[in-house]
Amino acid sequence: MNAPLKRPKLALAPASPQFINCHPATAQGPAPDAARELAEGLNAVAASVPPKYFYDVLGSQLFETITELDEYYPTRTEAGIFDTAYQSIAATAASAGIKQPCLIDLGAGNCAKATRLIPYLKPKQYVPVDISVDFLRDAAEQVQTTFPALDIVGIGMDFSAGLALPPQVQRRDRVFFYPGSSLGNFSPDQALAFLQQMVDPAQGAARGLLLGIDLVKDKATLEAAYDDALGVTAAFNKNLLRHVNTLLGSDFDVHQWRHLALFNETESRIEMYLQAQRNLMVHWPGGERAFRGGERIHTENSCKYTVASMTALLRRAGFTQISYWTDPKEWFAVFWASV
Ligand code: AVJ
């Protein structure tokens, strides 16, 4: 992108991001843990596959496309809230005594949200973390081009398994950035445990948290957001079967499955399923499973909160200072919480 200039090569070249791969699946081929976890979920009476398996490279691209759909309001609503709140967020972090933030971006994906936040929060170190290692590596390179002087440590890791970060990550002034309502993939009990880990000085050691969370609203709006007219969310859901085939060596035939997205009002969550369209068999090395027509694989929960229920959860986890910003329709909220 730059014309070749006659100057010492190192003088203006941006630093390269460090990259640490803590995710054995891509380092040494399929992780035995993943195969065990997948087989266990598929063999359960109510079959399930954890939502982290959506995100191979194609899955991450499909998710990016979802965020541009008319029906999928969360991403653009959250972006609108951030646009009005950046100054206020930076001021809130400063007044919590956070001077040289280490911005830890959980599920960073394409790093687009952090790229917009960085000029305001002015972190000393930026730590994008994502399970989709190859996707993240390219994204971290991009961020480094935008902020040549920023210390960037990219981490390929499944943080749903724990928040202990490698020693390259600065310990002081850690601010976790968890936008996009990804916390909603955990049940409220799991979310509490995850937030407690974040606050724990021996684990996440957070001073602050910037959290984006989807709010409860009418069922029709919620269900449309997870079952769009173009079928992108259906493709995203079905792509999980291709990813599982790669990791487990299974023989799922994507044609035989149908996408379902239902709002469970009692549990306050969107539930996504893949439903077998007829009686069928799935085989993998060391196992197999028969599905009856209509039987489902549960692939995702996306829990929806109210401002009150999320405030209560953050307090229970050990956060003390809590502020939030929302949009005029109160469809989505951005929370700041510090310890
Ligand atoms: C990335 C977990 C926040 O639950 O809205 C989007 C994933 N699934 N459409 C969400 C998702 C189907 C998304 N999160």
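**Strand pairing and overall fold**

Analyst: Val-129 of β3 is the bridge partner of Leu-106. This is a predicted model, in which local features need pLDDT of at least 70, side-chain atom pairs count only at pLDDT 80 or more, and totals for chains, interfaces and linings use all residues. Residues are numbered from 1 along each chain as its sequence is written, and side-chain values use heavy atoms, with hydrogens and water left out.

User: In which sense do β2 and β3 pair?

Analyst: Strand β2 (residues 102-106) pairs with β3 in the parallel sense, over five bridges. Two strands are said to pair if DSSP finds at least two bridges between them.

User: How many residues of β3 are buried?

Analyst: Six of the six residues in β3 (residues 125-130) are buried, where buried means under 20% relative accessible area, exposed over 50%, and partly exposed in between (1.4 Å probe, protein chains only). Gln-125, Val-127 and Val-129 point one way from the strand, while Tyr-126, Pro-128 and Asp-130 point the other way.

User: Stepping back, how many helices and strands are there in the chain?

Analyst: The chain has 11 helices and 13 strands. Helices (H or I, at least four residues) and strands (E, at least two) are DSSP runs, numbered from the N terminus. The radius of gyration is 21 Å, close to the 20 Å that the globule rule gives for 339 residues, so the chain is as compact as a globular protein of that length. That radius is taken over C-alpha atoms, and the rule is 2.2 Å times the number of residues to the power 0.38.

User: What share of the 339 residues is buried?

Analyst: Buried residues make up 53% of the chain.

User: Now Glu-295: where does it lie?

Analyst: Glu-295 lies in the loop between β10 (287-291) and β11 (296-303).

User: Is Glu-295 buried or exposed?

Analyst: Glu-295 counts as buried, at 15% relative accessibility. Leaving aside neighbours within four places in sequence, its contacts (heavy atoms within 4.5 Å) include Val-45, Trp-257, Leu-274 and Arg-289.
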